[in-house]
Amino acid sequence: MSDETVFVIIGASGDLASRLLLPALGELLVAQPERRVHLVGTGRSESSDAQWRKTVRRAFGTADAESALTGSIVSTPYIRADASTASGLRTILHALPEVDDGRVVLYFAVPPQVAASACRALKPKDLPPGTILALEKPFGDEEASARELNEVLRALVPERQVFRVDHFLGRSTVLNLLGVRFANRFVEPAWSAEHIAAITVRFDESLGLEGRAGYYDRAGALVDMIQSHLLQVLAILTMTPPATLGDADVRDATAAALRATHVWEDNAVRFSHRARYTAGTIDGRDLPDYAAEPGVDPSRQTETLAQATFEVRTDRWAGVPITLRSGKAIGDAVTEIVVRFRPVRHLPAGFTGAEEPAVLRFSLGPDRLSLSINVNGGSDPFALHRATLEAELGVGAQRAYVDVLAALLDGDPTLSVRGDAAEECWRILQPIRDAWARGDVPLEEYPAGSAGPADWDPDR
Ligand code: NDP
């Protein structure tokens with residue numbers, strides 16, 4: 001039996017392919033040289049097998065990865081075709097290398113509307129058995145279009161063969177949540193509204209638009225980050241412990257958490273915020289006003305910073321505010337999950353100093369876990385003070401795509417977003433999008449390089 005995979009990147013010349021997918025594939029193949037991959041590039045642009053191989057070599061980058069190119073990569077055909085048409089897709093599918101019992105992965109690294117048109121144009125009978133369809137976010141642009149896209153996909157292949165890629169699910173910090181929660185007896189009993197007061201998931205970055213106005217100005221921070229990545233993190237933080245780490249158990253549990261998630265007090269006007277950056281300086285770099293960036297249409301009122309608070313309405317979590325926030329052009333950008341515990345029910349009289357509730361932090365990149373607790377001792381043996389236990393969790397952002405690609409080549413959908421979860425994420429945000437569209441939530445401003453509007457406090 002062959003263990004070769006035909007990995008087809010539709011959109012081979014794109015930013016995602018060259019900046020994230022190919023370097024991650026190179027890293028994966030260096031670590032796992034036993035894999036055998038036919039790496040097929042496609043696009044509408046003129047190119048050749050040799051040029052595509054050159055692109056792959058450049059993206060693989062390191063000398064080690066060069067050995068992957070000669071060892072694990074069996075072939076690098078380039079197929080010129082328009083993937084949004086039935087005839088273009090037939091051209092691609094007919095030209096694929098033949099492998100006995102191998103797996104074909106069609107990775108749509110193309111704009112979402114092209115991916116959706118391609119899926120509509122595909123016919124189940126044209127797909128080799130077991131074909132995996134991998135799609136990048138956004139999955140639809142609201143609940144109804146996500147549902148419609150899911151129906152199209154379901155008619156093509158079984159759900160387990162659809163990979164809605166959310167590379168956050170491959171981030172080591174996010175995966176580490178599973179180990180910390182489920183592999184330590186003392187954690188789960190404390191992991192509920194009874195002991196936790198609030199959770200914040202914050203993904204601020206110092207980068208501005210970086211020339212991606214075409215995509216970002218139509219998405220904004222709410223859709224780009226909260227709708228996809230941060231709601232997945234919320235689901236992993238709050239899901240009930242699964243029986244196994246198999247895809248059915250994990251994805252059932254995360255989907256159930258998302259189904260129970262709603263805007264705090266159902267009040268999107270009060271519990272959501274939006275802002276966009278004005279000109280400023282970050283790390284000595286001058287950033288122009290977002291509204292003046294090439295390709296931005298200021299009348300779209302796109303936010304570059306979004307924050308909203310949610311509640312997971314289950315017996316376990318009701319009453320715990322979970323705030324998700326993400327922004328661009330933030331000075332001293334913080335990327336972390338903060339779990340704030342409740343105060344002790346009774347502090348024995350005799351301690352001096354104030355008891356401060358415990359705080360558990362997972363920092364994302366560099367991945368670090370820290371637990372701040374009260375300890376006593378020193379010159380006054382009953383004086384409370386703070387001690388922080390810290391642990392490095394290891395690798396950073398680039399790994400995310402490595403783990404996602406490994407799962408994809410193995411045909412294991414655990415790290416991909418199931419169709420129902422994708423629909424739920426749109427459902428959860430709809431009240432906020434409606435409130436923003438009505439103008440009920442003002443679009444605030446913050447200078448690039450600042451921490452965002454001064455009166456927003458995601459940790460309140
Ligand atoms: P780009 O615009 O950089 O690349 C798009 C690619 O698609 C090009 O290679 C283009 O090549 C190809 N393409 C466009 N139309 C067709 C078509 N009809 N048939 C075949 N190929 C086509 O986009 P990105 O790489 O930035 O993004 C791709 C997807 O990945 C999007 O869904 C995006 O949301 C998602 N994504 C991107 C991230 C990033 O950092 N870039 C991060 C996370 C997700 P050609 O002109 O030769 O056809």
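Which residues in α2 do Ser-18, Leu-22, Pro-23 and Gly-26 in α1 meet? The section on the two helices below has the reply.

## About the model

This is a predicted model, in which local features need pLDDT of at least 70 and side-chain atom pairs count only at pLDDT 80 or more, while totals for chains, interfaces and linings use all residues. Residues are numbered from 1 along each chain as its sequence is written.

## Overall shape

The protein's secondary structure comes to twelve helices and 19 strands. Both kinds of element are DSSP runs numbered from the N terminus: helices are H or I with at least four residues, and strands are E with at least two.

Along its principal axes, the C-alpha trace spans about 80 × 50 × 45 Å. The radius of gyration is 23 Å, which agrees with the value near 23 Å that a compact globule of 460 residues would have. This radius is taken over C-alpha atoms, and the globule rule is 2.2 Å times the number of residues to the power 0.38.

## How α1 meets α2

In α1, Ser-18, Leu-22, Pro-23 and Gly-26 meet Thr-55, Val-56, Ala-59 and Phe-60 in α2. Two residues are in contact if their C-beta atoms, placed from the backbone, lie within 7 Å. By class, this contact has five nonpolar residues, three polar and no charged. Here Ala, Val, Leu, Ile, Met, Phe, Trp, Tyr, Cys and Pro count as nonpolar, Asp, Glu, Lys and Arg as charged, and the others, Gly among them, as polar.

The axes of α1 and α2 (residues 49-60) come within 8 Å and cross at roughly 80°. That makes α1 roughly perpendicular to α2, a label for angles of 65 to 115 degrees. The axes are lines fitted to C-alpha atoms over the stretch in contact, with angles from 0 to 180 degrees between N-to-C directions.

## Around the ligand

There are 22 residues around the ligand, and Gly-11, Gly-14, Leu-16, Gly-43 and Ser-45 come nearest. Helix α1 (15-31) gives the most to the shell, with three residues.

## Two domains

An automatic or database domain assignment gives the bounds of domain 1 (4-136) and domain 2 (169-447). Their C-alpha centres lie 32 Å apart. Across the boundary, 13 residues of domain 1 are in contact with eight residues of domain 2.

How values were computed:
A residue is near a molecule or strand if its C-beta atom, placed from the backbone, lies within 6 Å of it. Angles under 35 degrees count as roughly parallel, over 145 as roughly antiparallel, 65 to 115 as roughly perpendicular and the rest as oblique.
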